[in-house]
Amino acid sequence: MSRRAVPPPSVSDPFALAAERFHHDVNRALGGEPRGTILLAVSGGPDSMAMLTLAAATFAGRISVATVDHRLREAAADEAVMVANHCALLHVPHATLLPVAPITGASLQAAARQVRYRLLADHARAIGAAAVATAHHADDQAETFLMRAARGSGIAGLAGVRARAVIDGATVIRPLLEWRRAELRAIVRRAEAPFVDDPTNADPAHDRTRFRRLLDANEWLGAPQLARAAAQLAEADGDVRAITDWLWSSRATVDGAQVQIDMAGLPRELVRRLVRRGIGLVIESAAIVAPKWSDSANIEALLDAVGGGRRATQAGVVVQPQRDLWRFRPAPARRTAGSAE
(Lines give C-alpha, C1' and ligand atoms only; values in the text may rest on other atoms or scores of the structure.)
Protein backbone atom coordinates (compact mmCIF):
# COMPACT_ATOMS: atom_id res chain seq x y z
CA MET A 1 0.00 0.00 0.00
CA SER A 2 1.19 3.54 -0.71
CA ARG A 3 1.70 5.59 2.42
CA ARG A 4 -0.04 8.90 2.79
CA ALA A 5 2.26 11.90 2.79
CA VAL A 6 -0.19 14.08 4.73
CA PRO A 7 -2.87 13.34 7.34
CA PRO A 8 -6.55 13.74 6.48
CA PRO A 9 -7.16 17.50 6.29
CA SER A 10 -9.36 19.41 8.69
CA VAL A 11 -12.07 21.51 7.08
CA SER A 12 -10.94 24.35 9.36
CA ASP A 13 -7.33 24.20 8.08
CA PRO A 14 -7.06 25.78 4.61
CA PHE A 15 -3.40 24.83 4.23
CA ALA A 16 -4.07 21.17 5.05
CA LEU A 17 -6.79 21.15 2.39
CA ALA A 18 -4.41 22.75 -0.11
CA ALA A 19 -1.68 20.25 0.79
CA GLU A 20 -4.02 17.30 0.27
CA ARG A 21 -5.10 18.74 -3.07
CA PHE A 22 -1.47 19.21 -4.13
CA HIS A 23 -0.61 15.66 -3.08
CA HIS A 24 -3.45 14.36 -5.25
CA ASP A 25 -2.47 16.52 -8.23
CA VAL A 26 1.17 15.38 -8.14
CA ASN A 27 0.16 11.72 -7.95
CA ARG A 28 -2.31 12.21 -10.80
CA ALA A 29 0.36 13.80 -12.99
CA LEU A 30 2.79 10.98 -12.21
CA GLY A 31 0.21 8.21 -12.39
CA GLY A 32 0.81 7.20 -8.78
CA GLU A 33 3.02 7.94 -5.80
CA PRO A 34 6.52 9.21 -6.74
CA ARG A 35 9.02 6.38 -7.09
CA GLY A 36 11.94 8.65 -6.40
CA THR A 37 12.89 12.25 -5.79
CA ILE A 38 10.90 15.03 -7.41
CA LEU A 39 13.06 17.92 -8.61
CA LEU A 40 11.19 21.20 -8.15
CA ALA A 41 12.04 24.05 -10.53
CA VAL A 42 11.87 27.06 -8.20
CA SER A 43 12.68 30.52 -9.52
CA GLY A 44 11.79 32.43 -6.37
CA GLY A 45 8.51 33.78 -7.74
CA PRO A 46 5.31 33.34 -5.71
CA ASP A 47 4.05 30.45 -7.85
CA SER A 48 7.13 28.26 -7.53
CA MET A 49 7.64 29.21 -3.87
CA ALA A 50 4.06 28.12 -3.18
CA MET A 51 4.81 24.82 -4.93
CA LEU A 52 7.89 24.41 -2.73
CA THR A 53 5.82 25.18 0.40
CA LEU A 54 3.20 22.57 -0.53
CA ALA A 55 5.76 19.96 -1.59
CA ALA A 56 7.79 20.35 1.60
CA ALA A 57 4.62 19.60 3.59
CA THR A 58 3.41 16.68 1.47
CA PHE A 59 6.54 14.99 0.14
CA ALA A 60 9.05 15.62 2.92
CA GLY A 61 12.34 13.85 2.24
CA ARG A 62 11.37 13.17 -1.38
CA ILE A 63 12.03 16.54 -3.02
CA SER A 64 15.01 18.48 -4.24
CA VAL A 65 15.08 22.02 -5.64
CA ALA A 66 16.92 23.65 -8.53
CA THR A 67 16.98 27.33 -9.42
CA VAL A 68 18.13 28.30 -12.90
CA ASP A 69 20.04 31.58 -13.14
CA HIS A 70 20.00 32.36 -16.84
CA ARG A 71 22.44 35.23 -16.24
CA LEU A 72 20.08 37.58 -18.04
CA ARG A 73 19.31 39.74 -14.95
CA GLU A 74 21.68 40.83 -12.22
CA ALA A 75 19.04 40.25 -9.54
CA ALA A 76 18.67 36.59 -10.51
CA ALA A 77 21.76 35.57 -8.53
CA ASP A 78 20.32 37.09 -5.34
CA GLU A 79 17.00 35.39 -6.01
CA ALA A 80 18.75 32.02 -6.29
CA VAL A 81 20.44 32.69 -2.94
CA MET A 82 17.05 33.53 -1.42
CA VAL A 83 15.64 30.19 -2.60
CA ALA A 84 18.71 28.33 -1.39
CA ASN A 85 18.45 29.90 2.07
CA HIS A 86 14.77 29.03 2.36
CA CYS A 87 15.47 25.47 1.25
CA ALA A 88 18.10 25.22 4.01
CA LEU A 89 15.42 26.18 6.56
CA LEU A 90 13.16 23.47 5.14
CA HIS A 91 16.03 20.92 5.03
CA VAL A 92 15.54 20.52 1.28
CA PRO A 93 18.56 20.03 -1.04
CA HIS A 94 19.09 22.95 -3.43
CA ALA A 95 21.26 23.64 -6.47
CA THR A 96 21.71 26.75 -8.59
CA LEU A 97 22.10 25.87 -12.26
CA LEU A 98 24.01 28.15 -14.65
CA PRO A 99 24.28 28.01 -18.46
CA VAL A 100 27.72 27.16 -19.80
CA ALA A 101 27.50 29.90 -22.43
CA PRO A 102 25.63 33.22 -22.71
CA ILE A 103 22.03 32.90 -23.90
CA THR A 104 21.51 34.68 -27.20
CA GLY A 105 19.04 34.67 -30.07
CA ALA A 106 16.23 36.62 -31.65
CA SER A 107 13.86 35.43 -28.92
CA LEU A 108 15.66 35.44 -25.59
CA GLN A 109 12.64 33.99 -23.80
CA ALA A 110 12.48 30.98 -26.12
CA ALA A 111 16.24 30.46 -25.94
CA ALA A 112 16.18 30.75 -22.15
CA ARG A 113 13.39 28.20 -21.96
CA GLN A 114 15.41 25.67 -23.97
CA VAL A 115 18.47 26.20 -21.78
CA ARG A 116 16.38 26.00 -18.60
CA TYR A 117 14.83 22.64 -19.43
CA ARG A 118 18.16 21.24 -20.58
CA LEU A 119 19.81 22.23 -17.29
CA LEU A 120 16.90 20.86 -15.25
CA ALA A 121 16.89 17.58 -17.18
CA ASP A 122 20.65 17.14 -16.74
CA HIS A 123 20.43 17.86 -13.02
CA ALA A 124 17.47 15.49 -12.62
CA ARG A 125 19.53 12.71 -14.16
CA ALA A 126 22.53 13.60 -11.99
CA ILE A 127 20.56 13.24 -8.75
CA GLY A 128 18.39 10.36 -9.94
CA ALA A 129 15.13 12.33 -9.80
CA ALA A 130 12.04 10.61 -11.13
CA ALA A 131 10.53 13.84 -12.49
CA VAL A 132 10.88 17.59 -12.74
CA ALA A 133 7.95 19.67 -11.44
CA THR A 134 7.26 23.20 -12.65
CA ALA A 135 4.78 25.71 -11.26
CA HIS A 136 2.71 26.45 -14.38
CA HIS A 137 -0.85 27.21 -13.31
CA ALA A 138 -4.31 27.88 -14.78
CA ASP A 139 -3.63 31.55 -15.49
CA ASP A 140 -0.42 30.63 -17.37
CA GLN A 141 -2.41 28.11 -19.37
CA ALA A 142 -5.13 30.64 -20.23
CA GLU A 143 -2.52 33.17 -21.37
CA THR A 144 -0.83 30.54 -23.53
CA PHE A 145 -4.17 29.53 -25.06
CA LEU A 146 -4.98 33.12 -26.07
CA MET A 147 -1.47 33.82 -27.34
CA ARG A 148 -1.49 30.77 -29.58
CA ALA A 149 -5.06 31.33 -30.74
CA ALA A 150 -4.02 34.82 -31.85
CA ARG A 151 -1.20 33.24 -33.87
CA GLY A 152 -3.55 30.78 -35.57
CA SER A 153 -2.17 27.67 -33.84
CA GLY A 154 -3.74 24.28 -34.40
CA ILE A 155 -4.77 21.63 -31.87
CA ALA A 156 -1.27 20.94 -30.61
CA GLY A 157 -0.53 24.61 -29.97
CA LEU A 158 -3.87 25.41 -28.36
CA ALA A 159 -3.39 22.47 -26.00
CA GLY A 160 -0.81 24.62 -24.23
CA VAL A 161 1.49 23.14 -21.61
CA ARG A 162 0.81 19.52 -20.75
CA ALA A 163 0.28 18.12 -17.28
CA ARG A 164 3.01 15.62 -18.13
CA ALA A 165 5.60 15.68 -20.88
CA VAL A 166 9.08 14.44 -21.71
CA ILE A 167 11.53 17.28 -22.36
CA ASP A 168 15.22 16.68 -23.05
CA GLY A 169 14.76 13.13 -21.86
CA ALA A 170 13.26 14.07 -18.47
CA THR A 171 9.69 13.56 -17.28
CA VAL A 172 8.23 17.00 -16.56
CA ILE A 173 5.02 17.40 -14.56
CA ARG A 174 2.85 20.49 -13.96
CA PRO A 175 0.73 19.65 -10.90
CA LEU A 176 -0.65 23.20 -10.54
CA LEU A 177 -2.47 23.52 -13.87
CA GLU A 178 -5.85 23.69 -12.11
CA TRP A 179 -4.67 26.24 -9.52
CA ARG A 180 -5.13 30.00 -9.85
CA ARG A 181 -2.33 32.52 -9.48
CA ALA A 182 -4.14 34.21 -6.59
CA GLU A 183 -4.48 30.90 -4.70
CA LEU A 184 -0.75 30.28 -4.90
CA ARG A 185 0.14 33.80 -3.80
CA ALA A 186 -2.19 33.42 -0.80
CA ILE A 187 -0.50 30.15 0.17
CA VAL A 188 3.00 31.60 0.09
CA ARG A 189 1.89 34.69 2.03
CA ARG A 190 0.20 32.64 4.76
CA ALA A 191 3.34 30.52 5.06
CA GLU A 192 5.40 33.73 5.32
CA ALA A 193 7.79 32.33 2.73
CA PRO A 194 9.97 34.80 0.84
CA PHE A 195 9.33 35.46 -2.85
CA VAL A 196 10.09 38.01 -5.55
CA ASP A 197 8.11 39.26 -8.51
CA ASP A 198 10.15 39.00 -11.71
CA PRO A 199 10.02 42.47 -13.34
CA THR A 200 10.04 40.91 -16.80
CA ASN A 201 6.54 39.57 -16.06
CA ALA A 202 5.26 43.16 -16.19
CA ASP A 203 7.23 44.18 -19.29
CA PRO A 204 4.73 45.07 -22.06
CA ALA A 205 7.37 44.21 -24.65
CA HIS A 206 6.49 40.55 -24.09
CA ASP A 207 3.37 39.05 -25.67
CA ARG A 208 2.52 37.15 -22.50
CA THR A 209 2.37 40.36 -20.47
CA ARG A 210 -0.16 41.90 -22.85
CA PHE A 211 -2.39 38.81 -22.73
CA ARG A 212 -2.09 38.69 -18.94
CA ARG A 213 -3.36 42.26 -18.77
CA LEU A 214 -6.17 41.37 -21.16
CA LEU A 215 -7.30 38.54 -18.86
CA ASP A 216 -6.96 40.67 -15.73
CA ALA A 217 -9.08 43.44 -17.26
CA ASN A 218 -11.77 41.09 -18.60
CA GLU A 219 -12.85 38.55 -16.02
CA TRP A 220 -15.58 37.35 -18.36
CA LEU A 221 -12.89 35.63 -20.44
CA GLY A 222 -12.61 33.08 -17.62
CA ALA A 223 -9.06 31.83 -17.11
CA PRO A 224 -10.22 28.49 -15.58
CA GLN A 225 -12.52 27.85 -18.54
CA LEU A 226 -9.75 28.63 -21.03
CA ALA A 227 -7.38 26.36 -19.13
CA ARG A 228 -10.03 23.62 -19.17
CA ALA A 229 -10.43 24.03 -22.94
CA ALA A 230 -6.66 23.67 -23.32
CA ALA A 231 -6.73 20.48 -21.24
CA GLN A 232 -9.47 19.01 -23.42
CA LEU A 233 -7.52 19.91 -26.55
CA ALA A 234 -4.46 18.22 -25.02
CA GLU A 235 -6.52 15.02 -24.72
CA ALA A 236 -7.65 15.33 -28.34
CA ASP A 237 -4.09 16.03 -29.45
CA GLY A 238 -2.93 12.90 -27.65
CA ASP A 239 -5.51 10.85 -29.53
CA VAL A 240 -4.49 12.34 -32.88
CA ARG A 241 -0.82 11.67 -32.07
CA ALA A 242 -1.66 8.02 -31.42
CA ILE A 243 -3.47 7.80 -34.77
CA THR A 244 -0.51 9.48 -36.49
CA ASP A 245 1.90 6.96 -34.95
CA TRP A 246 -0.26 4.10 -36.23
CA LEU A 247 -0.48 5.60 -39.71
CA TRP A 248 3.27 6.17 -39.81
CA SER A 249 3.94 2.54 -38.92
CA SER A 250 1.55 1.30 -41.62
CA ARG A 251 1.97 3.86 -44.41
CA ALA A 252 5.49 5.28 -44.23
CA THR A 253 8.57 3.70 -45.80
CA VAL A 254 11.97 5.01 -44.77
CA ASP A 255 15.14 4.46 -46.79
CA GLY A 256 18.00 6.43 -45.29
CA ALA A 257 17.29 10.11 -45.89
CA GLN A 258 14.31 9.38 -48.13
CA VAL A 259 10.72 8.82 -47.03
CA GLN A 260 7.61 7.70 -48.86
CA ILE A 261 4.13 8.05 -47.35
CA ASP A 262 0.80 6.82 -48.68
CA MET A 263 -1.65 9.70 -48.08
CA ALA A 264 -4.68 8.05 -49.73
CA GLY A 265 -7.98 9.08 -48.12
CA LEU A 266 -6.46 10.94 -45.17
CA PRO A 267 -7.91 14.20 -43.79
CA ARG A 268 -5.72 17.28 -43.89
CA GLU A 269 -4.80 17.29 -40.19
CA LEU A 270 -3.35 13.78 -40.40
CA VAL A 271 -1.58 14.62 -43.66
CA ARG A 272 -0.17 17.73 -41.97
CA ARG A 273 1.26 15.70 -39.11
CA LEU A 274 2.70 13.00 -41.34
CA VAL A 275 4.33 15.64 -43.54
CA ARG A 276 5.92 17.33 -40.53
CA ARG A 277 7.30 13.99 -39.40
CA GLY A 278 8.57 13.18 -42.88
CA ILE A 279 10.34 16.52 -43.24
CA GLY A 280 11.85 16.22 -39.78
CA LEU A 281 13.17 12.73 -40.43
CA VAL A 282 14.81 13.75 -43.73
CA ILE A 283 16.39 16.80 -42.09
CA GLU A 284 17.77 14.66 -39.27
CA SER A 285 18.99 11.86 -41.54
CA ALA A 286 20.62 14.21 -44.06
CA ALA A 287 21.97 16.56 -41.35
CA ILE A 288 20.36 19.59 -43.00
CA VAL A 289 21.11 22.69 -40.92
CA ALA A 290 19.67 25.41 -43.16
CA PRO A 291 17.09 26.68 -43.85
CA LYS A 292 15.96 26.49 -40.23
CA TRP A 293 13.15 24.03 -39.50
CA SER A 294 10.67 24.00 -36.64
CA ASP A 295 7.97 21.41 -36.07
CA SER A 296 5.56 24.32 -35.67
CA ALA A 297 6.51 25.90 -39.01
CA ASN A 298 3.69 26.87 -41.35
CA ILE A 299 3.44 24.21 -44.08
CA GLU A 300 0.04 25.12 -45.50
CA ALA A 301 1.45 26.34 -48.83
CA LEU A 302 3.34 23.07 -49.21
CA LEU A 303 0.21 21.04 -48.46
CA ASP A 304 -1.75 23.01 -51.04
CA ALA A 305 0.94 22.55 -53.69
CA VAL A 306 1.60 18.85 -53.16
CA GLY A 307 -2.08 18.12 -52.68
CA GLY A 308 -2.61 19.72 -56.07
CA GLY A 309 -0.02 17.46 -57.69
CA ARG A 310 2.92 19.89 -57.68
CA ARG A 311 6.34 19.42 -56.17
CA ALA A 312 7.25 21.70 -53.28
CA THR A 313 10.30 22.37 -51.12
CA GLN A 314 10.51 23.37 -47.48
CA ALA A 315 13.46 23.59 -45.08
CA GLY A 316 15.76 21.91 -47.60
CA VAL A 317 13.40 18.97 -48.24
CA VAL A 318 11.68 18.26 -51.56
CA VAL A 319 8.21 16.71 -51.42
CA GLN A 320 7.16 15.10 -54.72
CA PRO A 321 3.66 13.64 -55.17
CA GLN A 322 3.07 10.57 -57.27
CA ARG A 323 -0.68 10.21 -57.02
CA ASP A 324 -1.31 9.27 -53.38
CA LEU A 325 2.36 8.57 -52.65
CA TRP A 326 4.33 11.56 -51.35
CA ARG A 327 8.11 11.22 -51.57
CA PHE A 328 10.46 13.21 -49.33
CA ARG A 329 14.17 13.69 -50.06
CA PRO A 330 16.90 16.28 -49.48
CA ALA A 331 16.76 19.14 -51.96
CA PRO A 332 19.74 19.15 -54.35
CA ALA A 333 22.46 21.67 -53.56
CA ARG A 334 22.08 24.92 -55.44
CA ARG A 335 24.64 25.54 -58.13
CA THR A 336 26.75 28.64 -57.71
CA ALA A 337 28.13 30.84 -60.46
CA GLY A 338 31.21 29.30 -62.04
CA SER A 339 30.55 25.82 -60.77
CA ALA A 340 31.45 22.90 -62.97
CA GLU A 341 28.67 21.35 -65.03
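This is a predicted model: local features need pLDDT of at least 70, side-chain atom pairs count only at pLDDT 80 or more; totals for chains, interfaces and linings use all residues.
View 1. The strands concerned, β10 and β11 (residues 325-330), pair in the antiparallel sense over 6 bridges, and in their hairpin, with 2 residues between the strands, Arg323 takes a positive phi near 60 degrees.

**View 2. The six-stranded sheet.** An open sheet is made by 6 strands in the order β3-β2-β1-β4-β6-β5, with mixed pairing. Its edge strands, each pairing on one side only, are β3 (94-97) and β5 (164-167). On average, and with direction ignored, neighbouring strands of this sheet are turned by 30 degrees against each other. Within the sheet, strand β4 (residues 131-133) and strand β6 (residues 170-173) run parallel and are joined by 2 bridges; Val132 stands opposite Val172 in β6.

**View 3. Helices lying across the sheet.** Helix α3 (residues 75-90) lies across β2 (63-68) and β3, and its direction is at about 165 degrees to that of β3. Helix α4 (residues 108-127) lies across β1 (38-41), β2, β3, β4, β5 and β6, running at about 150 degrees to β2.

**View 4. The largest nonpolar core and the surroundings of Val65.** The largest nonpolar core has 32 residues, and those with the most contacts inside it are Phe22, Leu40, Leu52, Ile63, Val65 and Trp179. Two or more residues are given to this core by each of α1 (14-30), β1, α2 (46-58), β2, α3, β4 and α7 (181-190), with the largest share, 6 residues, coming from α2. Apart from this core lies another, of 28 residues, which has Leu247, Ile283, Val306 and Phe328 among them. As general background, nonpolar side chains in soluble globular proteins tend to be buried together. When its neighbours within four places in sequence are left aside, Val65 is in contact with Leu39, Leu40, Val42, Leu52, Val83, Cys87, Val92, Pro93, His94 and Ala95.

**View 5. An aromatic pair, Phe22 with Phe59.** The count of aromatic pairs comes to 1. The ring centres of Phe22 and Phe59 are 6.3 Å apart and the ring planes stand at 70 degrees, so the pair is edge-to-face, given that planes over 60 degrees apart count as edge-to-face. Because Phe22 lies in helix α1 and Phe59 in the loop between α2 and β2, the pair ties together parts that are 37 residues apart in sequence. Phe22 is buried, with a relative accessible area of 1%, and Phe59 is likewise buried, its relative accessible area being 1%.

**View 6. Arg21 and the ring of Trp179.** Arg21 lies over the face of Trp179, at 3.8 Å from the ring centre. Trp179 is also one of the residues with the most contacts inside the largest nonpolar core.

Note on methods
Residues are numbered from 1 along each chain as its sequence is written. Side-chain values use heavy atoms; hydrogens and water are left out. Two strands pair if DSSP finds at least two bridges between them. Helices (H or I, at least four residues) and strands (E, at least two) are DSSP runs, numbered from the N terminus. Axes are lines fitted to C-alpha atoms, for helices over the stretch in contact, and angles run from 0 to 180 degrees between N-to-C directions. Contact means heavy atoms within 4.5 Å. A nonpolar core is a set of buried Ala, Val, Leu, Ile, Met, Phe, Trp, Tyr and Cys residues joined through side-chain atoms within 4.5 Å. Buried means under 20% relative accessible area, exposed over 50%, partly exposed in between (1.4 Å probe, protein chains only). Rings of Phe, Tyr and Trp (its six-membered ring) pair if their centres lie within 6.5 Å; planes under 30 degrees apart count as stacked, over 60 as edge-to-face and the rest as tilted. A charge sits over a ring if NZ of Lys or CZ of Arg is within 6 Å of the ring centre and within 35 degrees of the ring normal.
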